[in-house]
Amino acid sequence: MTTPPERPGTDRFMPRLVAKSGPTSGCEYTIKVSTIVIGRSEQCEIVIADPLVSRRHSQITFDGSYCTIEDLGSTNGTYVNEQLLTAPYVLHNGDRIRIADALLVFTDPQATLTGLKLPALLLEAPNRVYVNRRLVELSAKEFALVAYLFDHTGRVCSKGELARAVWPEWKGEVFDYHVESLVRRARQKIETAPDEPRFIVTVRGKGYQLIKP
């Protein structure tokens with residue numbers, strides 16, 4: 001399981017947004033807090049005075065390693081690299097965020113993800129999985145299942161083995177249908193096509209296997 005590196009606690013190593021156009025052109029915003037809201041309201045951390053910008057337009061969350069942007073149900077949408085944002089997105093160094101006429105460029109001196117090909121499946125406790133840079137929230141049991149398979153990538157894990165790993169408190173009172181149901185729910189969240197899984201595959205008569213992304 002990947003553990004992101006700790007960041008030095010100084011501004012010059014912190015990620016930031018640089019306004020390239022729009023009402024705030026030329027401004028720089030250092031991302032030092034866990035949540036930054038961008039919008040027209042004076043209550044936002046980054047205020048863009050434009051009638052096409054919603055009062056609370058979008059939000060960036062920073063967990064100390066990754067910055068994730070999501071739209072807050074704005075009227076005119078948030079665009080990253082000219083693509084309409086429809087789900088939370090992990091920002092990369094150089095990503096271009098467009099909100100109405102404002103263009104903000106994300107820069108990360110630490111370049112946590114710069115120059116690296118982000119794995120198709122990346123786990124990060126607690127209960128968070130990045131699937132092709134898309135943040136997915138799992139329940140505790142779903143995460144335990146995926147994490148166990150992830151830690152045993154390439155090996156077939158039987159339903160009994162998974163039951164003991166995910167439900168240790170049940171002391172053997174776990175049936176196959178519990179595991180099957182949990183696998184089905186996890187697939188619904190992390191697989192693009194749950195009926196044709198490419199991460200968690202069924203090995204008939206043996207169990208489940210996580211294929212190396």
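Student: How many helices and strands does the secondary structure come to?

Tutor: This is a predicted model, and every value we discuss is computed from it. Among the 213 residues of the protein, buried ones make up 44%, while residues 24 or more positions apart account for 43% of the contacts with a separation of 6 or more. The secondary structure comes to 3 helices and 16 strands.

Student: Which strands are the edge strands of the open sheet?

Tutor: The open sheet is formed by 6 strands in the order S2-S1-S11-S10-S7-S8, with antiparallel pairing. Within that order, S7 (residues 79-80) and S10 (residues 96-99) are joined by 2 bridges, and Val80 stands opposite Ile97 of S10. An edge strand pairs on one side only, and this description applies to S2 (28-30) and S8 (83-84).

Student: What is the bridge partner of Thr68 in S9?

Tutor: Strand S6 (residues 67-71) runs antiparallel to S5 (residues 58-62), to which 5 bridges join it, and Ile60 has Ile69 of S6 as its bridge partner. S6 also pairs with S9 (residues 89-90), again in the antiparallel sense, over 2 bridges. In S9, the residue that partners Thr68 is Val90.

Student: Why does H2 count as roughly perpendicular to H3, and what is the angle between them?

Tutor: The contact between the two helices is made by Lys159, Leu162, Ala163 and Val166 of H2 together with Asp176, Val179, Glu180 and Leu182 of H3. Their axes lie 9 Å apart. Angles of 65 to 115 degrees count as roughly perpendicular, and H2 and H3 meet this condition because they pack at an angle of about 80°.

Student: Is the aromatic pair of Trp167 and Trp170 stacked or tilted?

Tutor: The search of the whole structure finds 2 aromatic pairs, and in this one the ring centres are 5.8 Å apart. Trp167, at 8% relative accessibility, counts as buried, whereas Trp170, at 34%, counts as partly exposed. Planes under 30 degrees apart count as stacked and those over 60 as edge-to-face, so the 35° between these planes makes the pair tilted.

Student: What is the angle between the ring planes of Phe175 and Tyr177?

Tutor: Phe175 counts as partly exposed at 46% relative accessibility, while Tyr177 counts as exposed at 52%. The centres of their rings are 6.1 Å apart. The pair is stacked because its planes stand at an angle of 0°.

Student: Is Tyr130 buried or exposed?

Tutor: Tyr130 is found in strand S13, and beyond four places away in sequence Tyr130 touches Asp63, Tyr66, Thr68, Val90, Ala120, Leu121, Leu122, Glu124 and Leu135. Residues under 20% relative accessible area count as buried, so Tyr130, at 1% relative accessibility, is buried.

Student: What separates the C-alpha atoms of Asp101 and Leu52, in Å?

Tutor: Asp101 lies in the loop between S10 and S11 (102-107). Leaving aside residues up to four places away in sequence, Asp101 touches Ser21, Gly22 and Asp50. Asp101 and Leu52 are 49 residues apart along the chain, and the separation of their C-alpha atoms is 8.3 Å.

How values were computed:
Residues are numbered from 1 along each chain as its sequence is written. This is a predicted model: local features need pLDDT of at least 70, side-chain atom pairs count only at pLDDT 80 or more; totals for chains, interfaces and linings use all residues. Side-chain values use heavy atoms; hydrogens and water are left out. Two strands pair if DSSP finds at least two bridges between them. Helices (H or I, at least four residues) and strands (E, at least two) are DSSP runs, numbered from the N terminus. Rings of Phe, Tyr and Trp (its six-membered ring) pair if their centres lie within 6.5 Å; planes under 30 degrees apart count as stacked, over 60 as edge-to-face and the rest as tilted. Buried means under 20% relative accessible area, exposed over 50%, partly exposed in between (1.4 Å probe, protein chains only). Axes are lines fitted to C-alpha atoms, for helices over the stretch in contact, and angles run from 0 to 180 degrees between N-to-C directions. Angles under 35 degrees count as roughly parallel, over 145 as roughly antiparallel, 65 to 115 as roughly perpendicular and the rest as oblique. Contact means heavy atoms within 4.5 Å.
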